[in-house]
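The stops below are meant to be taken in order.

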Amino acid sequence: MKPTPEQKAVIGSRAPVVSLCGPGGTGKTETLALILHSRKDRYPRVLLLAYTNKAVVNMQDRFKGGAAGHERARVSTFHAWAWKLLKNADHEALGYQCPLKLTPGINASTIKNQADAAGISTKGELVFLQKVYTQHLRRGVSLATACKHLKTCPTQRKILNNVHAHCLSTGHIDFDHIPFLLHRACQDPDYAKHLTKVFPCIMVDEFQDLTAVQWKTLKILIDHGTHFVGAGDPYQTLFRFAGASHKRFPELWAMRGCESHMLTKNQRLSRQILNLSNEIRGQIRQHLPGYPILPQSSSTKGEKPIVVVNRKRHMHVRGVIDRIQHHIANGITLKDMVVLVRQDKDASSLVKSLDLEQWPYISHLKNHEPTKSINIIQVVLKIHYGTATKDEWAAVLKALPGVGKTTTTRVLNLVNENRWTTDNISNEGKRVRDVFQKFANLSYAINQAGDDLTTALNAVLDFVRTMDKMPDPYTDPTIENLFRNARATGVLGEILNLDSFGHYVNHGVPDTNDFLTIANIHQYKGGEAKVVFFLAPFPSFYKTHGTFKKQNQVIDEMMVLDTIITRSSRFLYLFFPMGFKSWQNLKPQKSAADFIMPTPPETYNLWTIVNHEEEQS
Ligand SMILES: Nc1ncnc2c1ncn2[C@@H]1O[C@H](COP(=O)(O)OP(=O)(O)OP(=O)(O)O)[C@@H](O)[C@H]1O
């Protein structure tokens, strides 16, 4: 691969702070790989942070094959990197009475326990309490400030203060605590200086997705001398709900010594797809002025994007399957195709059809039922972390050999009353003691394994193997992904984030390397495929979320659509659930279709799907 002049300029930059901005497909990630390579002799260590576990795995794959592979580079999510540092940090200096224990799900379960104790049990109030607590952590503000900002009442404040006190006294922390605590640790100038020495160069892909507290932490390191490269696209800020902001780039540009680079030559999109993307970006820009978005170019010719309209989802599914068959007949493999959705349930009828037709696929949808093995592995891990619900405990106890009804009831009572401490258990009968001993042995093995996550996972799998009526987990094809992700992220608890690895269904097809990908666009960010299908949501989705009532949300949806469009290098199909006549009359739908309709008709081809069966009947 020959870098373009724009890419060469960034690679050759010696500025301490570099901003690399460009629309989807302009080669930002590729350029980061080249910068990494070019800087390998300049720094003893380079850290590259990516937003999702999937992005980390992709990046590691890209570096393995590409020029960048060298031992001094480390690719990680912010959380995995920060957790490795926090494990060795002085917990007392951070206000904790015990060493930190990463316990995924602990925030939600402690908030629930405290709320139960205070007699609060409505779902709405619980969700609100979680929102306040999460905001305090993600924004890097004190709990008191978050409480004030979100106008909590004295009871709610008391509950949240108790949650906070519980974490400090037990050392339990959740994922959201990780960046918050690293930020706190970096406020000590000696620690920040130390980190700057250890990480003299940090690069971030999808820079706009950093949360406020993550960015504040990196800014401290930059101020202490860490060199920095932030690559991304403010128009792909899809994680605003999780704390991302299109303002990150202006904040980066305002840093002292920042050199700003733009990539404008699109390496992925054909000219025809680029035209459509530029139209949507033009609309985004009307709402978000202030970003110097230069005209893009592309040298690849391709097909015009195709807009397909039909009111029925099952007709879209037929259309997708028909087009897949067409492309396979023309030499494109399933592996080069992806079906993208905005919300997971939009893919459910497609998944049913694929199962019926026995087509192999990998689904990155959150609502895809995990295999029995993955399910039980997650529950066993939750027990290890102390966050399993009573039902989850019951499911495991049911499958443990030699555990009858009486033992199960006794164990569940102890768990329910939160009384399964060593002292309490020693007074119990042998069977109950045996059950807890099994879990204690497992926890010991996991803790002993430390950073060696393969060993830790094997301990969990071996535990599952001893259970009755469970398939052998080692024969589950998804397990390989699980190990791969665990190794990539370096954090065992990430396995509880089901969406971090795909759900693979190969239906016994001999070539296990050829499958269709189905994903939510938030999961597929940064990905690319030759053929991209988008199954747009029905207008009811936007109505439920009040999207068209708030400008910010309309912009979010435009960004979602542009991110989907820019995943495709050759063929793009956008399926909208609406009638052909409504499209011809340009009747607004209050849905994603409204962003395509105003574009010049020559930007795309308009198709509909005719149901011959219905016509015949
Ligand atoms: N100079 C180049 N010559 C040829 N191909 C390139 C060049 N730079 C990048 N590419 C290819 O173009 C495609 C898009 O690159 P990349 O994924 O780095 O874009 P990106 O800007 O990070 O996209 P996104 O915003 O969607 O994540 C990849 O297939 C990459 O290998």
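Which residue just after α11 takes a positive phi? Select Gly225: its phi is about 120°. This is a predicted model, in which local features need pLDDT of at least 70 and side-chain atom pairs count only at pLDDT 80 or more, while totals for chains, interfaces and linings use all residues. Residues are numbered from 1 along each chain as its sequence is written.

**Helix α11**

Step back to helix α11, residues 212-223. Helices (H or I, at least four residues) and strands (E, at least two) are DSSP runs, numbered from the N terminus. The end C-alpha atoms of α11 are 16 Å apart, which agrees with the 16 Å that its twelve residues should span at 1.5 Å a residue; the expected span is 1.5 Å times one less than the number of residues. Nine of the twelve residues are buried, so α11 is largely enclosed by the rest of the structure. A residue is buried if 20 or more other C-beta atoms lie within 10 Å of its own, exposed if 12 or fewer, and partly exposed in between, with C-beta atoms placed from the backbone. Select the buried residues, among them Trp215, Leu218 and Ile222.

**Domains and ligand**

Colour by domain: domain 1 (15-84 + 181-262), domain 2 (107-173), domain 3 (271-360 + 508-616) and domain 4 (372-505). These bounds come from an automatic or database domain assignment. The C-alpha centres of domain 2 and domain 4 lie 28 Å apart.

Now show the ligand. It lies between domain 1 and domain 3, because both give residues to the shell around it. Of the 19 residues around the ligand, Gly24, Gly27, Lys28, Thr29 and Gln267 come nearest. Helix α2 (residues 28-38) gives the most to this shell, with three residues. By class, the shell has two nonpolar, eleven polar and six charged residues. Here Ala, Val, Leu, Ile, Met, Phe, Trp, Tyr, Cys and Pro count as nonpolar, Asp, Glu, Lys and Arg as charged, and the others, Gly among them, as polar.

**Helix α18**

Select residues 405-416, helix α18. Its buried residues are Thr407, Val411 and Val415. They cover an arc of only 65° around the axis, which puts them on the same side of α18; the arc is that of the directions from the helix axis to the C-beta atoms. These buried residues pack against α17 (390-399) and α20 (430-449). Just after the helix, Asn418 takes a positive phi of about 60°.

Lys335 is in the loop between α14 (313-329) and β10 (337-341). Leaving out residues up to four places away in sequence, Lys335 touches Asn513, Asp514 and Phe515; contact means C-beta atoms, placed from the backbone, within 7 Å. Lys335 and Asn513 are 178 residues apart in sequence, yet 7.6 Å apart in space, C-alpha to C-alpha.

Most residues other than glycine have a negative phi. Lys151, in the loop between α7 (143-149) and α8 (154-170), has a positive phi of about 50°. Finish at Gln358, in the loop between α15 (348-357) and β11 (361-363), where phi is near 60°. Gln358 is exposed, with 11 other C-beta atoms within 10 Å.

Note on methods:
Near = placed C-beta within 6 Å. Contact = placed C-beta atoms within 7 Å.
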